[in-house]
Amino acid sequence: MASVTRRLAGLLGACALGLGACSQGTGQPSGTGGAPVRGGVAYFAEQPLQPPTYIFPLVSGAYYTEENTSWFQTLMYEPLYWFGDGGRPTLDARLSVGDPPVYSGHDRVVTITLKAWRWSDGEHVTARDVLFWIDLLKANTQDWASYVPGGFPDNVVRATVLSAQTIRLELDKAYNPTWFTYNELSQITPLPLAWDRTGPAVAAGRRLADTTPAGARAVYGFLNAEARSPASYAASPVWSVVDGPWRLTSLTSDGRATFVPNTRYSGPDKPKLSEFVELPFTSADAELSVLRAGTGTGGPRTSGTQVSVGYLPDNDLPQSRTLQSAGYRIVDWFPYQFDYFEPNFANPTAGPVFRQLYFRQAFQHLVDQKGWIHAYYGGLGLPTHSPVPAEPPNPYSDPLARSNPYPFSLKAARSLLEAHGWKVVPNGLSFCARPGQGDGECGTGIPAGRRLSFSLLYPSGLSYSDDSMVDLQSVARQVGIELQLKEVPATTISATVLPCSPHQAACSWQLGQYGTGWLFSPDHYPTGEEIFQTGALGNVGSYSDPSIDRLIEATTTAPPAAEQKALDAYADAVRTAVPDFWQPSPGTAVVLQGNLRGFVPNAYGFINPEEWYFTGS
Amino acid sequence: MTGYVVRRLCQSLVVLVGVTLVVFVLEHLIPGSLARAILGPRASPASIKAFETANGLDHPVVVQYAVFLGHLLEGNLGRSYRLNQSVDSLVAHQLPNDVLLVGTALVLALAIALPLGVAQALRRGKAFDHGATGVVFALYSTPSYCLGLLLVAGLAVAVRAFPPEAPQSAGLSGVLHDPRALVLPVLTLTLVNVALFSRYMRSAAVATLAEDFVTVARAKGSGGLGLVWRHVLRNSLAAVATLVGLSLPAVLTSGLVVEYLFNYPGVGLTYFTAASSSDYPVMLGITVLVGAATVLGSLLADVSYAVLDPRVRYG
Amino acid sequence: MASGPLVLEAGVEPGADPGGPPRRRALPQLVRHPLGAVGLGLLAAVVCFCFLGPVLYHSNQLRVDLFATNLPPGTGHPLGTDENGFDILGRLMAGGRSALEVGFGVAAAATAFGAAWGAVSGLLGGVADAVMMRVVDALIAVPAVFLLVFLATAFRPTTGVLIVALSALSWAGPARLVRAETLSLRSRQFVEAAVTSGARKGWIVRRHLLPNTLDTILVNATFQVADAIVVVAALSFLGFGLPPPAVSWGGMLSQGSSYLLDGYWWEVYPVLGLLVLTVLAVNFVGEALRDTLDVRQRRA
């Protein structure tokens, strides 16, 4: 259709073809050069109204925010393995406490050796610390946000400490080593044995309590109680035992966190800053105001309110020039994730329609990812075509991930619908003219005259999401599909978009949009067992396809020689089956003070302030 | 009078309980699973069950309400699901911010509105009167978030006259550390309130000036003028007292937009965030406080008016 | 002589004595009042713009045009386009329609319901009066934000739902106003006469009370229109606006405000100006109305 080719032509002119973001930033991931200066304070902007609220790494769903898990706890308590290496979504062996795990016994046994690191109280980080974590998890799975029934730690049959630095895990069956390391071992944070007690005052020479389930529950109870009062974190004798590069010196009720370097940090990169401060903000507007009014160069000789590492709110991408002329640098950050919105396969009226593959394909043809990225994401977005995305560059995706099996095309959508018994009424309501299960007919469970009208829930507060849905509504109207848009707070979406059975009241939702993508964290290896498998926790649309289930099973259990093939098979199947509708994955424009060096965007969202430093310029 | 006050207090208590009941019931009518709203979309069934048990959500609504009332009587306002703090500590920390912000704006608005209203009344029907009405209403008609954004764009970013953020350290010490930081937030609130207040002051002053004995006093000349002013001021005080009383609940909730724009966490923003993120304990706790402030403020307004205007009597 | 607790509401002056000559001479006097003339004139202009404008000026408000987003004023788009490519001038007209509809709708509904409540409460007196007024207090005490969130999550916002929601939050004002008036009127002879001669309460309300309180109700209703329009604009900022493809000034303003610092002035100032002008006009009319009614009362 003329309008479609017009759209594409215009976009090709405005934006380089391909998946790279055509953003307004300078795009240098990190700067080097300029004489490094010791000291200085780096100010990190927290996300609006998301202050650090919980310090104990065994975190429950209520406190499972990016702030707590990626920008607070990991600064002090090192996870066993560090993920995200120089912008790539891979394991960083150098920064990890544990050496790369060794699989044996037909991939049923994992042996992990720890480096000779120390806690700040002088104790070594030992294999016993890892066992402590596993014991706690096993007894408290209901309080662990990332718990998947049958996953870690359920799939560890026995954990044995072989020596001070070595632990062996025996698994319930053979797993794909990459999968197990990236998705299961990624959930381990060694904890100091100083925490292994049930009360504040503990006698010396005591027996460690975590060895029994009841004991482990009691220890969790004690630690959770200690974590109930954020105002007490800085001075607490419990939380001050750290093995990470930073030590918390103050946390205010509003969420301003101040860290100083942990002088006993054993890792390779010692902090060069004198202080690392996280600043709370009530809105993105407030953060931008401080960026605009603050200084573009930081370091020990500056003072006043400033932001060293902040973000440019999505609406204000045109202001990148202004910020750059004030001395800031802008770096584009894309997390390793795919973005989607969910159809409810169990909804009584919409479910049968969604279950038809041709309908999902037609609907996907209505999503103009390139157009949205250009118009609404300011160029700062990556189209999603596959559940194993090709960007940021990674070793997992196959070449097919860069191609779009369902490009934006009203013509294709229309012909798919008409070929399957629908009467398409542009600017009206299309309806099923030929019901039935045969060729050229609508499909099972779709009565004659069923109209294509759906409700679509989406979250408030995200302008690119609002605008995209307006465009989708407008485009869908041209093939006679009516979308009733409903904007609700994000938590209402979590509360409403649920797996359900067709005749429950909870099943009235039809299309749901989270506004945020599926970030591969802590499941860092992009298999789909948590979202596309039948009955998976993230499978809120009640999607079920046994052949896809088998392919997913293969990715989690394949031996190393076959893992890439299994992953490709899974990715290709899901890519074409459209179990949910793909949409662009937004990036963030990270704003850095001009003389701050060492910042590298981490594909999973973690930060490493110990690598940052100011230069004299 | 005492009898009246006592009766009103008793009634206020009933009203307060009624308010909490309404909010409680409405919360439970909101569709969807509260546990999933809090725990997120990937929550396991065990965590959902544990959350519901730990927070008493598996009991009938009546029982939950009774438990809530019980806690309330002990002075326990509840504990946030998300912020890992008790409502008491949240409010205790943020209320001084609100009092400072809204209180200052209130005082400033009154300080401008009182003389303005009287001046308008004295020059009633003239160009000054209409002009002032125009300016003041124009400010009132502007949504406060627009006004705030314009002020920041103009006075904090384009011209670095004031900081773009309100004071970041808590309470009075924060303000003293950098008093300029409070200027823009207070200005935003004040400009919107001046209209409301001056309109009211003007009509109060007009009514007073129209009274017979005032006309006589003015005719008598400057000696009588002192009498006029004292009478006008006294009646205006009555109006002021009413305004302050009825503005009491606003101290807790009206700062929302300003807090949002100027990075000044306060009760208003906390309430809004809690309402949007299903953090019901915070919502209920603050509702209790706002309700108490409302009924108290209303009572204060009525009583002070009676005290200051001898014509008013309560049976 | 005020005989009850003072009510802080627009339109009530302390010490005002209601009742007086009939209203039919109000309109000519209103027009002679400078504020009234300006207000009515502006309001008429806005109404023409919003309701007659689309007849003369056609624009696309349904079909997104991803190539025409955020265009400055120029050919084909006298006031530029917004982030979906919709023409802003056309949007102003559509938004004005919904703003005026909601504004007048809320004023009508809140005033009608509130006046009836207050009149009945004042007339009944005693315990019934106390209970009814405490219900009003309770309504004021429930924070509006919560009610709005509840409504946003439980219902799909349409103009009707918005009108009902805002009316529910605003009827307290007219109720207290009318009650105060009723209390003072009750003691006057003609009402007592009606009561003693056995007239039904409803008839008394209709025949005697409402006509005499109509002045103050009218003034209050006018200010309600203005307040409702401003509140709707604020609601969009908080996320409770009308869903697309409905257009509202509040939605335009809150979307445009996020571009304020980016230089897209045409997405902010025109709608802001129009909003302020309309609310100003309504406020002027209300103020003029109050002045003229008050003057007449004083002369009576």
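# A walk through three chains

Start with chains C and B: their contact (heavy atoms within 4.5 Å) takes 58 residues from chain C and 54 residues from chain B. Before you click further, know that this is a predicted model, where local features need pLDDT of at least 70 and side-chain atom pairs count only at pLDDT 80 or more, while totals for chains, interfaces and linings use all residues. Residues are numbered from 1 along each chain as its sequence is written, chains are lettered from A and ligands numbered from 1 in the order in which they are written, and side-chain values use heavy atoms, leaving out hydrogens and water.

**Stop 1: chains C and B**

Together they bury about 5,000 Å², 73% of it on carbon and sulfur atoms. Buried area is the accessible area (1.4 Å probe) that two parts lose on being put together, summed over both. Now select C:Glu287 and B:Arg202. They form a salt bridge, with the closest N and O atoms 3.5 Å apart; the rule asks for a side-chain nitrogen of Lys or Arg within 4 Å of a carboxyl oxygen of Asp or Glu. One salt bridge is the count across this interface. Which element gives the most to chain C's side of the contact with chain B? Colour α11(C): it supplies 14 residues. Other elements that give two or more include α2 (34–56) and α9 (201–238) of chain C. Helices (H or I, at least four residues) and strands (E, at least two) are DSSP runs, numbered from the N terminus.

**Stop 2: chains A and B**

The interface has two salt bridges. For a closer look, pick B:Arg42 and A:Asp523, whose side chains meet in a salt bridge (3.4 Å, N to O).

**Stop 3: two domains in chain A**

Stay in chain A and colour domain 1 (2–238 + 588–610) and domain 2 (343–586); such bounds come from an automatic or database domain assignment. Their centres, taken over C-alpha atoms, are 31 Å apart. The contact takes 37 residues from domain 1 and 42 residues from domain 2, and the two bury about 3,100 Å² between them. Across this interface the rule finds one salt bridge. Zoom in on A:Lys173 and A:Glu553, a salt bridge with its closest N and O atoms 3.2 Å apart.

**Stop 4: a sheet in chain A**

Last, pick out the open sheet of four strands, in the order β5-β6-β8-β7 (chain A), paired antiparallel. Two strands pair if DSSP finds at least two bridges between them. At the edges sit β5 (102–104) and β7 (156–163), each pairing on one side only. Between β5(A) and β6 (residues 109–113) there are three bridges; select A:Tyr103 and you'll find its bridge partner in β6(A), A:Val110. Now show helix α4 (residues 127–139) of chain A, which lies across β7 and β8 (166–171) at about 160° to β7(A). Axes are lines fitted to C-alpha atoms, for helices over the stretch in contact, and angles run from 0 to 180 degrees between N-to-C directions. Finish on α5 (residues 177–184) of chain A, lying across β5, β6, β7 and β8 at about 135° to β5(A).
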